[in-house]
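Subject: Structure handover

Hi,

Here is the structure I promised to pass on. Please open it alongside this note.

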Amino acid sequence: MSGWLFLSLLSMSVHADLATATVEEIMIPRVFRLDGVIEAVNKSTISAQTNGQVEAIYYDVDDVVKQGALLVKLKDTEQQAALRRAEADLRAAQAVLDDARKNYRRIKDLYTKKLVAKSDLDNAQVALNTARAKLDVAKAALEQAKEQLAYTRITAPYTGIVTERHVQVGEVAHPGTPLMSGISLEELRVAVDVPQSLIVAIREKGRAQVELPGGNWIEVRDLTIFPFADPASNTFKVRLKLPKNIDRLFPGMLVKTAFETGVAPALIVPASAVVFRSEVTAVYVRDEDQQIRFRYVRLGDALGEETLTVLSGLQVGDEVFLDPIAAGAQLKRQRAGIQEKQGHE
């Protein structure tokens with residue numbers, strides 16, 4: 001989480017050829033870590049929009065589908081017949097309109113010569129308007145027939161993976177019948193349930209981090225915060241939109257998220273001063289009597305590669321030895337000297 005780190009210089013000294021560093025307190029970001037669930041931004045179920053028997057299915061579960069690829073084909077006998085009928089109706093309507101135009105021009109010419117009454121011209125105008133309206137209806141019917149025919153060929157709305165197939169070849173589909181479900185792995189997001197005590201600070205900061213497989217963290221600034229809390233858990237849902245095409249992430253996976261909500265004091269020590277022995281974590285410190293002591297500590301987060309935070313075991317002003325191996329050898333000599341002194345006494 002290096003994007004939020006504040007590094008501090010530790011004052012150093014050398015005593016008996018052993019370098020030490022003084023434990024200091026600095027202000028670091030206060031970070032809350034929460035579990036989130038990976039979701040697909042594009043997740044949908046394609047349904048039939050016309051009647052027809054399933055004639056062919058071209059993809060199955062776990063198949064990768066390109067945008068625009070043909071997924072399912074329905075039998076289109078009924079739609080083809082409707083299209084031919086609509087085309088014939090359009091030709092008939094066009095013929096009626098052509099005849100109405102000729103008749104209107106003829107009646108208008110006769111009216112100009114005062115050979116017919118005004119009512120005859122009005123009737124011709126009405127017939128012409130009616131023919132135009134019927135032509136518009138026929139055109140609309142033709143477009144509808146073409147659309148119904150296109151509905152018999154169901155294509156992929158985006159590039160993705162098939163997650164479920166709802167029909168089999170030979171089944172009859174009706175408008176609304178689910179055909180196939182799929183998701184896209186190109187655009188993913190993380191859904192997190194955030195306690196209401198943190199939501200104000202998260203709104204103000206407007207950023208988070210997500211841990212990817214492998215341990216790397218990425219920063220996310222595209223946050224969507226739902227404006228209401230879940231009454232059962234008193235948590236707010238927050239969505240973190242991830243960059244496109246991240247490898248090894250799949251919907252349903254759990255990931256760690258981190259939200260910065262302010263700053264807090266923290267004690268820091270150099271990473272080189274910390275000793276890890278099995279389950280023991282400790283440092284060598286110099287006490288008030290200038291003696292070396294082995295002290296257990298509990299560590300917090302790392303601040304970069306060279307600095308660690310300490311939760312307990314140390315306090316501001318403590319001196320820690322930067323070379324634990326040399327400090328350990330010095331401690332053995334110190335104990336041996338004490339034992340020898342006690343033996344002489």
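Below is what came out of it, element by element.

First, a caution: this is a predicted model.

Helices. Helix α1 covers residues 77–112 and helix α2 covers residues 118–150. The two pack against each other with their axes 8 Å apart. The angle between them is about 160°. That is over 145 degrees, so α1 and α2 count as roughly antiparallel. The crossing of α1 past α2 is left-handed.

Sheet. Four strands make an open sheet. Their order is β4-β11-β9-β6, and the pairing is antiparallel. At the edges sit β4 (43–47) and β6 (64–65), each of which pairs on one side only. Look next at β9 (residues 160–165) and β11 (residues 178–183). Four bridges join these two antiparallel strands. Across from S181 in β11 you will find E164.

Aromatics. How many aromatic pairs are there? The count is three. One of them joins F226 and F228, edge-to-face. F228 has a relative accessible area of 53%. The cut-off for exposed is over 50%, so F228 counts as exposed.

Another pair is F294 with Y296. This pair is also edge-to-face, at 5.8 Å centre to centre and 75° between the planes. Are its two members buried or exposed? F294 is partly exposed, at 27% relative accessibility. Y296 is exposed, at 54%. Both residues belong to one aromatic cluster, together with Y284.

P227. This proline lies in strand β15, which spans residues 223–229. Its relative accessible area is 69%, so P227 is exposed. What does P227 touch, leaving aside neighbours within four places in sequence? The contacts are R203 and F236. For a sense of distance, take L110, which is 117 residues away from P227 along the chain. The C-alpha atoms of P227 and L110 are separated by 73 Å.

One is the α1 and α2 pairing, with its left-handed crossing. The other is strand β15, where P227 sits.

Best wishes

How values were computed
Residues are numbered from 1 along each chain as its sequence is written. This is a predicted model: local features need pLDDT of at least 70, side-chain atom pairs count only at pLDDT 80 or more; totals for chains, interfaces and linings use all residues. Side-chain values use heavy atoms; hydrogens and water are left out. Rings of Phe, Tyr and Trp (its six-membered ring) pair if their centres lie within 6.5 Å; planes under 30 degrees apart count as stacked, over 60 as edge-to-face and the rest as tilted. Buried means under 20% relative accessible area, exposed over 50%, partly exposed in between (1.4 Å probe, protein chains only). Contact means heavy atoms within 4.5 Å. Two strands pair if DSSP finds at least two bridges between them. Axes are lines fitted to C-alpha atoms, for helices over the stretch in contact, and angles run from 0 to 180 degrees between N-to-C directions. Angles under 35 degrees count as roughly parallel, over 145 as roughly antiparallel, 65 to 115 as roughly perpendicular and the rest as oblique. A crossing is left-handed if the near helix is turned anticlockwise from the far one by less than a right angle, and right-handed if clockwise.
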